[in-house]
Amino acid sequence: MESDAFQVLRQIPGAGTVTLDGDDQGDGPPLLLLHGLSATRRNVVQGSRHLPRHAYRLIAYDARGHGESSPAPQPADYEYEDLVEDAEAVLARFDLERVVLVGSSMGAATAMAFALEHPERVAAMVQVTPAYTGQARTSDVAEETWLRMADALENGGVEGFVEEAMPKDIPAGWRDSTRLAIRQRMERHRHPEAVAAALRVVPRSLAWRGMEPLEELDVPTLVVGSRDAADPLHPLEVAEEYVRRLPRAELAVEDEGKSPLAWQGARLSTVIEEFLRRVGI
């Protein structure tokens, strides 16, 4: 199935421009895919074509500074406010008033921030490994981890980032494949210096204040958690808290000892499809 490439040129008043590169694939109810920090548009459903083959339209783009998209006008311009405005620009490019938002990590927080501002425009939402807890500053451990990754990328390039990003206690059988996946992800970035800037800004950015606003968001939401002990940046407890707070949420997570659902594009896409069918989309 072919994808149509697109670009969205944003004029930032008084600051310059940002060009967002993306793909538009399939026909049917539109899903906007929003990827995580240091990832690209390929890393939400991991390249799976299951959803377009089952009558859904996938619109995916690289966040500013990531993948093929241009850097932000200034190194500080990676706040969630900026990311939400980029999402709005992509929707305007396709004249879409109502969509399903599918976000992973940083993209999950962007999707939630958009939904809290514009609930009438969100038909349903999928939150894949959410990490944002309603405050701008992350934990000391998480913040130090992101800053080390930024330093490693700036000073050691892709290989430096790979070494820093490798989970320290990952089982031996997963090391080579994980190392390869991280390297391939980082090699897709045209502007690694911009990714390093985003690594410094996004974890300290305010997407929305507190967890209480989730309790008023009447949008069907699938929350995809992870039991992966090697990934302390996306604790299952955050996903479970989202489900407790959101009025119309359900949790999907892999069984104990299994590979994270978020890494399995085809399986994740099937779970998303089943959820959308249940809520009438």
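**Pocket, cavity and core**

Colleague: Which helices each supply at least two residues of the lining of the largest pocket?

Modeller: They are helix H4 (140–165) and helix H5 (172–186). Helices (H or I, at least four residues) and strands (E, at least two) are DSSP runs, numbered from the N terminus. This is a predicted model, in which local features need pLDDT of at least 70 and side-chain atom pairs count only at pLDDT 80 or more, while totals for chains, interfaces and linings use all residues. Residues are numbered from 1 along each chain as its sequence is written, and side-chain values use heavy atoms, with hydrogens and water left out.

Colleague: How much space lies in the largest pocket, and which residues are closest to its centre?

Modeller: The largest pocket holds about 1,200 Å³ of space. Among its 44 lining residues, Ile 182, Arg 185, Asp 231, His 234 and Trp 263 are the closest to the centre. H5 gives the most to this lining, with 8 residues. By class, the lining has 21 nonpolar, 14 polar and 9 charged residues; Ala, Val, Leu, Ile, Met, Phe, Trp, Tyr, Cys and Pro count as nonpolar, Asp, Glu, Lys and Arg as charged, and the others, Gly among them, as polar.

Colleague: What makes a space a cavity rather than a pocket?

Modeller: On a 1 Å grid over the protein atoms alone, a cavity is a set of points where a 1.4 Å probe fits but cannot get out, whereas a pocket is an open set with protein on both sides within 12 Å along at least five of seven lines; lining residues have an atom within 4 Å of a point. Points are joined across faces, edges and corners, and a volume is the space filled by probe spheres set on them. By this rule there is 1 cavity of 30 Å³ or more, and about 80 Å³ of space lies in the largest cavity. Its lining consists of Leu 34, His 35, Tyr 61, Ala 63, Leu 83, Asp 86, Met 106, Gly 107 and Thr 110. Helix H2 (80–93) and helix H3 (106–117) are the elements that give two or more residues to it, and H3 gives the most, with 3. The cavity lining divides into 5 nonpolar, 3 polar and 1 charged.

Colleague: Why is strand E3 called largely enclosed?

Modeller: In E3 (residues 30–34), 5 of the 5 residues are buried, so the strand is largely enclosed by the rest of the structure. Buried means under 20% relative accessible area, exposed over 50%, and partly exposed in between (1.4 Å probe, protein chains only). In a regular strand the side chains alternate between the two faces of the sheet. In E3, Pro 30, Leu 32 and Leu 34 are buried on one side, and Leu 31 and Leu 33 on the other.

Colleague: Why does Glu 273 count as buried?

Modeller: Its relative accessible area is 12%, which is under the limit, so Glu 273 is buried. Glu 273 lies in helix H8 (residues 265–278). Contact means heavy atoms within 4.5 Å; leaving aside residues up to four places away in sequence, Glu 273 touches His 50, Leu 51, His 54 and Tyr 56.

Colleague: What makes Phe 6 and Phe 94 an aromatic pair?

Modeller: Rings of Phe, Tyr and Trp (its six-membered ring) pair if their centres lie within 6.5 Å; planes under 30 degrees apart count as stacked, over 60 as edge-to-face and the rest as tilted. By this rule there are 3 aromatic pairs. Phe 6 and Phe 94 lie 4.9 Å apart, centre to centre, with 90° between the planes, so this pair is edge-to-face. Phe 6 is in strand E1 (residues 4–12) and Phe 94 in the loop between H2 and E5, 88 residues apart. Both are buried.
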